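Please look over the notes below with the structure open beside you.

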Amino acid sequence: MAGSRMQLELSRVVQGRSRLGVLKRLGRTGQHSLEIPGCLLYTHFGTVPHLTQDTLHTLISLPSVTQITLSHIAEHQEVLEEFKDGFRKFAGLHDTVLYCSLHDPATPSPTGYTTNKTVSVWGSGGRIELTVAKFMALQKTVQPDWYQSMYDGETWQNSASRKRVRKSVDRTLAHLDECLLVHQKSKELEGVEVFGVVEGGDILEERVRSAKETAKRPVAGFCLDGLQTGSMDQTLRTQLVTAMIKELPEDKPRLLHGVGRPDEVLACVEAGVDLFESCFPFLATERGCALSFGFDISTDPERAGRAPPAVLELNEEKETTGESQQNGDLNRHDQTQMTPFEMNLKEKRYQDDFRPLVEGCGCYCCKNHQRAYLHHLLVTNELLAGVLLMIHNTAHYHGFFGALREALATDKLDVLKKRVLGDGGLQTERKE
């Protein structure tokens, strides 16, 4: 887009696809940057679930980009319009870049409510129908730094017909053109970046068409939609991502919707994805689980500093039984189910386990509390359980992305994959 300040600087491209670099000149003033591969900061109405701003900022290496969603904001449009100073100030956010997406990645939306002219979001009060005019009025009110254009994303289910998928691509392109037309005439959105959305369901030709056509538009980056966990297996996802990325320019970022499991993140980074949403720690927290997969690729503790100290050495607890596969096939999953990358602290075996959640983790929870205490908080439904788990899970997950960048920089991606997927990950706890 004319006047776009966002700048992607790549320092390495590994094996022709995996990209390491920095997204620079972010925000209205251009003072922020975001390392890639990386993730956004997931929030509910601008707040990381369970955490106050003070608690959140005790964590290190947080992303500079905060994700907010219209599904949380749309019902408050009148209040925000009356406030006049934008969502950042309304929510008490300060030193961050705001990215506004349509749907909450942690909450599946009902399907069957899109038309040629409208899409729907669901807030606490029910369904809200958005035309392009209403969608753009919301963006002017929110005043984000980036936003994704309006799109028809209801074709991720396997049952979507070829005709329905084609219609989704056509509608999404039409919505993008309308959004851009309004955007370019809006003084309120001057300096704001637009990301185009690539659709196409599981049909390769439609994915390629959507990517090729979206790339012709003056957008700052691309959102790859409809590939979320549970919609398809990783082999097909990789095939579709690879085909789409071939049609996209190399100098603009690619953000993947709805994928957050570490194994899927690794596969998608290898296919060329730059950015991810980060609702995975929240989903694990809601299950009463702590992330516990390994990702330490450094033998020197000082060099491990780029990956925050939530690194693991849990090999001694690994048990080569079938239990690590208890949640089913690793190639296809439902994001609501427990994964092999976490431990369920509600299980009775943790009631007298006095170790930290993760040995060597530097987060507040692991430094100050034991598994037995978290187990007690969970079984008694104490609110503090969610706070402590979210502290740990957020630190651990962002530490994983730090390790991923370190692995790409030092040619250790295979080592990291082995730690996450092999002898350092997918481990289960030894039963007492």
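1. Terms before anything else. Two strands count as paired if DSSP finds at least two bridges between them. Note also that this is a predicted model.

2. Pairing of β7. Two bridges join β7 to strand β10 (residues 146-148), and the two run parallel. Here Cys100 stands opposite Tyr147 of β10. Strand β6 (residues 65-69) is joined to β7 by five bridges, also in parallel. Within that pairing, Gln67 has Tyr99 of β7 as its bridge partner.

3. Burial of β7. Buried here means under 20% relative accessible area. Five of the five residues of β7 (residues 97-101) are buried, so the strand is largely enclosed by the rest of the structure. In a regular strand, side chains alternate between the two faces of the sheet. Both faces of β7 are covered. Val97, Tyr99 and Ser101 lie on one side, Leu98 and Cys100 on the other.

4. Nonpolar cores. The largest has 86 residues. Leu130, Phe135, Trp146, Leu224, Phe276 and Leu416 have the most contacts inside it. Helix α13 (residues 383-409) supplies the largest share of this core, seven residues. Another core, of 29 residues, lies apart from it; Leu41, Ala106, Phe282 and Met390 are among its members.

5. Surface patch. Which residues make the nonpolar surface patch of about 230 Å²? They are Val79, Phe83 and Phe90. Val79 sits in helix α3 (residues 77-83). Its relative accessible area is 45%, so Val79 is partly exposed.

Note on methods:
Residues are numbered from 1 along each chain as its sequence is written. This is a predicted model: local features need pLDDT of at least 70, side-chain atom pairs count only at pLDDT 80 or more; totals for chains, interfaces and linings use all residues. Side-chain values use heavy atoms; hydrogens and water are left out. Buried means under 20% relative accessible area, exposed over 50%, partly exposed in between (1.4 Å probe, protein chains only). Helices (H or I, at least four residues) and strands (E, at least two) are DSSP runs, numbered from the N terminus. A nonpolar core is a set of buried Ala, Val, Leu, Ile, Met, Phe, Trp, Tyr and Cys residues joined through side-chain atoms within 4.5 Å. Patches are made of residues with over 30% relative accessible area and no salt bridge: like charges are joined within 9 Å, nonpolar side chains (Val, Leu, Ile, Met, Phe, Trp, Tyr) within 5 Å. Accessible areas come from the Shrake-Rupley method with a 1.4 Å probe; for residues, only the protein chains shown count as cover. A salt bridge is a side-chain nitrogen of Lys or Arg within 4 Å of a carboxyl oxygen of Asp or Glu.
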